Structures are given as C-alpha cells and as structure tokens.
Amino acid sequence: MSKLGFIGLGIMGAPMAAHLIAAGHEVFLHTRSKVPADLLTGQATACRSAKEVAEKADIIFLMLPDTPDVAAVLFGDEGVASGLSKGKTVVDMSSISPMETKGFSQKINALGCDYLDAPVSGGEVGAKAGSLTIMVGGPDAAFERVKPLFELMGKNITLVGGNGDGQTCKVANQIIVALNIAAVGEALLFASKAGADPAKVRQALMGGFAASRILEVHGERMIKRTFNPGFRIGLHQKDLSLALAGARALGVALPQTAGAAQLMQVCAANGMQDLDHSALVRSLEIMANHEVA
C-alpha cells in the first residue's frame with residue numbers, strides 16, 4: 001500500500017480519489033472547498049494545504065480546472081513544491097497547457113522529483129466507473145511506478161511520450177470530441193427540422209458507419225434535453241483555446257476547431273457555460289429557431 005495525495009475533489013477528482021481509497025491506500029486529501037465527507041473513510045485524511053499533502057504522500061495527484069490553478073497549487077504559498085522531498089512523484093491529471101506543463105515538470109525535476117502529466121477522457125461517468133482513458137507524458141520509470149494506480153482509475157492507459165505529450169494528446173482528444181458533438185448536433189437538427197423523429201434517426205445511425213460514442217451518449221442527451229454537466233461547456237472552451245493557441249504557435253490552421261469554439265461561445269454568451277458540452281447543440285438550435293426535441 002502506498003501513501004498517496006489527491007488535490008482537487010470536484011466532479012472528476014472525487015470519484016477518482018475514491019477508487020484509490022477503496023483499494024486500501026493511505027490517501028491524503030485537499031481541495032479548495034471542504035473535503036467531501038464520504039471520502040473520509042478507510043485510511044483517507046483531510047489536509048489543510050497542498051504543502052501538507054506533499055509532505056505526507058509519496059505520490060501526489062492533481063485534478064484541477066485550468067493551467068493557473070495547477071500553477072498556484074504547485075508553486076503558490078503552501079503549494080506542493082514547498083512540501084516535496086527527493087524521490088517523490090507529482091502526477092497532474094488536469095487538462096492544461098502542454099507548453100506550461102513542460103515548464104512545471106522542469107521545476108519539479110529540479111527538486112529531485114518525477115513529474116507525469118496524465119490528463120483523462122471519459123467524463124464523470126468514466127471517473128465513477130474507473131474506466132477513464134489516461135494519456136501520460138513523462139519518464140518510463142515513473143510511469144511504470146504509477147501505472148498500477150492509474151489502473152484503479154482507468155482502462156485505456158498509454159504512455160504517449162515525454163512531459164507535455166500527455167497534454168498534447170488530450171488537446172487532440174478535445175478537438176475530436178468537439179467536432180463530433182457539432183456534427184451530431186447538426187445531423188439531429190437537420191433530421192428534426194425535416195420532420196423526422198430524431199430519436200429514431202439516432203437509432204438507425206447507431207447501426208451504420210456514422211455510429212460513435214458521441215452519437216450514442218451525447219445524441220441521447222440532445223434528444224432527452226439532459227444537459228446537466230458531465231463535462232461543462234466552459235471547460236471545453238478552455239481546452240479549445242489551448243488548441244487554437246497551440247496552433248498559432250505551430251503555424252497550423254484548425255478551422256473546424258475554431259468553428260466549434262465559436263459555437264460554444266454562443267452557448268456561453270447565452271448563459272449556458274455550465275451545461276454539459278452536449279448542449280453545444282443549443283447554439284445550432286438558436287440559429288435555426290428550432291429544437292431537436
């Protein structure tokens with residue numbers, strides 16, 4: 001059994017930490033608000049700061065909303081870096097800037113510690129089921145050491161490359177997801193406006209080449225209007241901003257990504273930034289003056 005730390009106990013972080021606790025590990029917890037009472041079981045302990053977590057744990061996991069949050073938790077007052085000692089490992093499972101990640105890893109390495117960037121895909125459902133896809137960047141030895149812990153939280157676990165490559169992979173993932181949500185939204189809106197039953201259209205498409213996980217899960221959300229967040233539009237906007245900023249730095253054009261980002265901006269401008277990203281269809285519905293369902 002390992003001494004683990006987990007910082008960031010939101011929609012994703014709380015169930016991920018719960019899997020580590022259920023496996024019998026000693027887990028030290030910290031979050032911006034109060035640690036959920038249902039996590040304080042077994043050998044789980046609430047800590048007053050990120051520094052205290054780093055002092056007590058050998059492997060420290062982070063699951064935070066954005067790049068500035070990770071920077072503050074790592075290097076701010078009472079941050080992780082101030083509590084580290086040589087030989088420990090920091091694992092950032094947030095979805096943040098690949099370029100900033102490389103800088104974070106260098107600072108942690110300078111303290112004699114390993115750093116892994118390990119963003120995830122699968123949303124709240126995957127976090128609760130322990131079936132997340134985990135994309136990892138960092139040294140082989142650190143990955144092999146942490147992999148049994150990743151396996152408690154996910155199923156598809158891949159060492160993509162060095163530090164920053166895990167985050168680059170996640171940005172690519174978010175591009176694909178956003179464009180697929182937009183495509184499913186357009187298809188179901190077209191079918192509905194033409195007078196067809198969108199539920200039956202979706203059922204038919206699930207048996208053909210257009211079948212996808214997005215059509216299965218988010219297509220159903222669009223039809224049933226279940227837009228309570230598994231992954232919020234505001235967070236997906238952040239990920240697409242990372243993609244477009246990276247594209248500018250690389251001299252690459254991502255026109256479809258830019259279009260999806262604008263559709264999400266329509267939602268945000270209409271107060272829907274906290275809805276699930278499947279609600280991107282609402283931007284299309286606003287322009288068409290017609291709802292899928």
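**Salt bridges and two spots to look at**

Start with Asp276 and Arg221, whose side chains meet in a salt bridge at 3.8 Å, N to O. This pair ties together distant parts of the chain: Asp276 sits in the loop between helix H11 (255-269) and helix H12 (281-288), while Arg221 belongs to helix H9, 55 residues apart. Here a salt bridge is a side-chain nitrogen of Lys or Arg within 4 Å of a carboxyl oxygen of Asp or Glu. Helices (H or I, at least four residues) and strands (E, at least two) are DSSP runs, numbered from the N terminus.

Before going on, keep in mind that this is a predicted model, where local features need pLDDT of at least 70, side-chain atom pairs count only at pLDDT 80 or more, and totals for chains, interfaces and linings use all residues. Residues are numbered from 1 along each chain as its sequence is written, and side-chain values use heavy atoms, with hydrogens and water left out.

Back to that pair. Asp276 is buried, at 2% relative accessible area, and Arg221 is buried too, at 16%. Buried means under 20% relative accessible area, exposed means over 50%, and partly exposed is in between (1.4 Å probe, protein chains only).

Salt bridges that share partners also join Arg48, Glu52, Lys56 and Glu78 into one network. Within it, the side chains of Arg48 and Glu52 meet at 3.9 Å, N to O. Arg48 is exposed, with 64% relative accessibility, whereas Glu52 is buried at 14%. In general, side chains of opposite charge can pair when their charged atoms come close.

Now go back to helix H9 (residues 213-224), which holds both Arg213 and Glu216, three residues apart, or about one turn of the helix. Their side chains form a salt bridge at 3.2 Å, N to O. Arg213 is exposed, with a relative accessible area of 55%, and Glu216 is partly exposed at 33%. Across the structure there are 14 salt bridges.

Next, look at Thr89 in strand S5 (residues 89-92). Not counting residues up to four places away in sequence, Thr89 touches Asp58, Ile59, Ile60, Asp114, Arg145 and Val146; contact means heavy atoms within 4.5 Å.

Finally, find Leu111 in the loop between helix H4 (98-109) and strand S6 (114-117). Leu111 is partly exposed, at 36% relative accessibility. Leaving aside neighbours within four places in sequence, Leu111 is in contact with Ala81, Leu84 and Lys86. Leu111 and Lys88 are 23 residues apart in sequence, and their C-alpha atoms are 9.4 Å apart in space.
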